[in-house]
Amino acid sequence: MQFKKIHILFLLLVSFGAKASMILLPMDEVSQQNHLKAYGITYWVLNKSYKANWLLNYRGGSFLLPDAQEIRRECQIRGVSFEVLSDGQANSILDEISSPSQNMENVLLEKAPKIAVYTPPGKKPWDDAVTMVLTYAEIPFTAIYDEQVLSDGLLLYDWLHLHHEDFSGQYGKFFGAYRNAPWYIEQKHDAEALATKLGFSKVSEEKLAVALKIRNFVVGGGFMFAMCSATDSFDIALAAEGVDICEPMFDGDPSDANYQSKINYNNTFAFKDFILERNPVVYEFSDIDTTNKRNILPDNDYFTLMEYSAKWDPIPSMLCQNHTQLVKGFMGQTTAFAGDIVKSNILVMGENKQNGEARYINGTKGKGMFTFFGGHDPEDYQHRVGDAPTVLDLHPNSPGYRLILNNVLFPAAKKKKLKT
């Protein structure tokens, strides 16, 4: 009888010791069936007022979550692979990560960031990779546009994505190929009507005012992410403040004579010494973009993510978490940035050395931070106007889309003072 009691007590102790307390979302190449939705699960957990841990460089940047039945259930519903860990297993992983010999770090995620996507009304979701992946990952966001930005609506958000917008007032430089297309005529009319409604005589002036508000959002501590033409056209608009760089077909009057000499590179976020493209029928803003200078076959088009010290440089480490360091390239109106035009204080996190291209860059402005990512859609190599939407169910492990979601989740991290 006594032996039976001891045996039962032993079983209870073993059971208690093996009690699961954490859930691991592995993010390595072989263990995770849906990397993109794993970010959505982590955001959902934060939104439920749980805390989460981002295990930098541990199995592709895995997430460690509390063990709760509702979290397990949500993972199962969304098709996200997870592993249930005991206290001992979780502590063993954290001990390994904390070792000075390991290039790993445990980052606490505290609060789900409030997300805004700057996009015009009526825009189809598949026109923008960020809108598409946020929807696929089930991460909530609010679509905002010029009226909300100019009325200080950005104060409500932590993170802002810029849709593939043209902040220079040249309507995306689509004039050469699409000036007679109904959609171009309609978009130009809508932009002019909105500018008039908001009290501006030109679209370029209205877009500059929006760009300045966004600049102030970042300077005040906000996080901004931009892709494709929203990157260089944003900097061009800031650099051309007070200068008319638009030809008559865009704003009804001639551009300023010798406007190139009036460009102020001190106003930009990321780029310097660029030369603007004056020809209105050329589908290009400036020589920042490398699209027309590229000499690489699609099958060989890759860029390399930089490796950082997770303990000393956690911010770029977070932004580069992936299950591969070699990411398939993809094109856009702005495909990549000429390396010699990127300012020296900007961190190049992804590059194609063969072409001298910076593909993925990050910098600080005031109290805030921004990331520019070249290209249109990470899983559509050469996206063209009117192309069918990308089906993300076919690309649940996309390394390129993971980079976008790294930026979405980054503002949730508990802030640490940078060591470098």
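Biologist: Why is Cys228 called buried?

Modeller: Its relative accessible area is 3%, and buried means under 20%, exposed over 50% and partly exposed in between (1.4 Å probe, protein chains only). So Cys228 counts as buried. This is a predicted model, where local features need pLDDT of at least 70 and side-chain atom pairs count only at pLDDT 80 or more, while totals for chains, interfaces and linings use all residues. Residues are numbered from 1 along each chain as its sequence is written, and side-chain values use heavy atoms, leaving out hydrogens and water.

Biologist: What makes the phi of Cys228 worth a look?

Modeller: Most residues other than glycine have a negative phi. Cys228 isn't a glycine, yet its phi is positive, about 55 degrees. Look for Cys228 in the loop between strand E9 (223–227) and H10; helices (H or I, at least four residues) and strands (E, at least two) are DSSP runs, numbered from the N terminus.

Biologist: And Glu138, is that buried, partly exposed or exposed?

Modeller: Glu138 has a relative accessible area of 40%, so partly exposed. Phi is positive there too, near 65 degrees, in the loop between helix H5 (129–137) and strand E7 (142–144).

Biologist: Why are H9 and H10 called roughly perpendicular?

Modeller: H9 (residues 203–219) and H10 (residues 229–239) pack at about 100 degrees. Angles of 65 to 115 degrees count as roughly perpendicular, under 35 as roughly parallel, over 145 as roughly antiparallel and the rest as oblique, so H9 and H10 are roughly perpendicular to each other.

Notes. Axes are lines fitted to C-alpha atoms, for helices over the stretch in contact, and angles run from 0 to 180 degrees between N-to-C directions.
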